[in-house]
Amino acid sequence: MANIKSQKKRIITAEKARVRNRAVRSELKTAVKKVRVAVANGDAELAQAEANKAGRLLDKAAAKGIIHKNQAAQRKSGVQKLVNTIK
């Protein structure tokens with residue numbers, strides 16, 4: 001354990017951020033999974049709606065620095081390509 005007060009605080013804040021970031025990443029995976037399920041069921045309307053939600057979540061995560069902006073763009077593109085396969 002650190003002896004310096006600022007380092008002790010940094011450890012605490014880093015842990016809070018880690019937990020928060022992990023929750024957001026999990027939420028992203030769930031959103032993409034919902035799109036995959038909708039595509040597997042052949043429901044184009046639901047798949048597009050879920051893809052839109054996933055896109056918003058990916059953009060928010062990228063804006064907060066949880067994932068890189070290019071990673072968000074690649075995931076959004078992949079999700080939309082998947083949706084387009086059933087249209």
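**Entry 1: Ala17**

I started with Ala17, which is partly exposed because its relative accessible area is 24%. I found Ala17 in helix H1. From Ala17 to Gly42 I count 25 residues along the chain, and the C-alpha atoms of the two are separated by 38 Å.

**Entry 2: What kind of model this is**

I note that this is a predicted model, in which local features need pLDDT of at least 70 and side-chain atom pairs count only at pLDDT 80 or more, while totals for chains, interfaces and linings use all residues. Residues are numbered from 1 along each chain as its sequence is written, and side-chain values use heavy atoms, with hydrogens and water left out.

**Entry 3: The whole chain**

How many helices and strands are in the chain? I found three helices and zero strands. The elements run α-α-α from the N terminus on. Both kinds of element are DSSP runs numbered from the N terminus: helices are H or I with at least four residues, strands are E with at least two.

I then looked up the dimensions. The C-alpha trace spans about 60 × 20 × 15 Å along its principal axes. The radius of gyration of the chain is 17 Å, whereas a compact globule of 87 residues would have one near 12 Å. That radius is taken over C-alpha atoms, and the globule rule is 2.2 Å times the number of residues to the power 0.38.

Of the 87 residues in the chain, 25% are buried. The chain exposes about 6,400 Å², and carbon and sulfur atoms supply 53% of this area. The areas come from the Shrake-Rupley method with a 1.4 Å probe; for residues, only the protein chains shown count as cover.

I also looked up contacts, meaning heavy atoms within 4.5 Å. Among the contacts with a separation of 6 or more, 58% join residues 24 or more positions apart.

**Entry 4: Charges**

I noted 22 positive and 6 negative charges in the chain, and their mean positions are 12 Å apart. Lys and Arg count as positive, Asp and Glu as negative; His and the chain ends are not counted. The place of a charge is NZ of Lys, CZ of Arg, CG of Asp or CD of Glu.

**Entry 5: The cores**

Which residues make up the largest nonpolar core? I list 10 residues in all: Ala31, Val32, Val35, Ala38, Val39, Ala47, Ala51, Ala54, Val79 and Val83. Helix H1 (5-41), H2 and helix H3 (69-84) are the elements that give two or more residues to this core. H1 gives the most, with five residues. A second, separate core has eight residues, including Ala62, Ile66, Ile67 and Ala72. By nonpolar core I mean a set of buried Ala, Val, Leu, Ile, Met, Phe, Trp, Tyr and Cys residues joined through side-chain atoms within 4.5 Å.

I went back to Val35 for its neighbours. Leaving out residues up to four places away in sequence, Val35 touches Ala47, Glu50, Ala51, Ala54, Val79 and Val83.

Glu50 lies in helix H2, residues 44-64.

Gln48 and Ala38 are 10 residues apart in sequence, and their C-alpha atoms are 8.7 Å apart in space.

I found Leu82 in helix H3. Its relative accessible area is 28%, so Leu82 is partly exposed. Leu82 touches Arg36 and Val39, with residues up to four places away in sequence not counted. The C-alpha atoms of Leu82 and Gln48 are separated by 9.7 Å, and the two residues are 34 residues apart along the chain.

Between the C-alpha atoms of Lys33 and Ala73, 40 residues apart along the chain, I noted 17 Å.

Key: Buried < 20%, exposed > 50% of the residue type's maximum accessible area, 1.4 Å probe, protein only.
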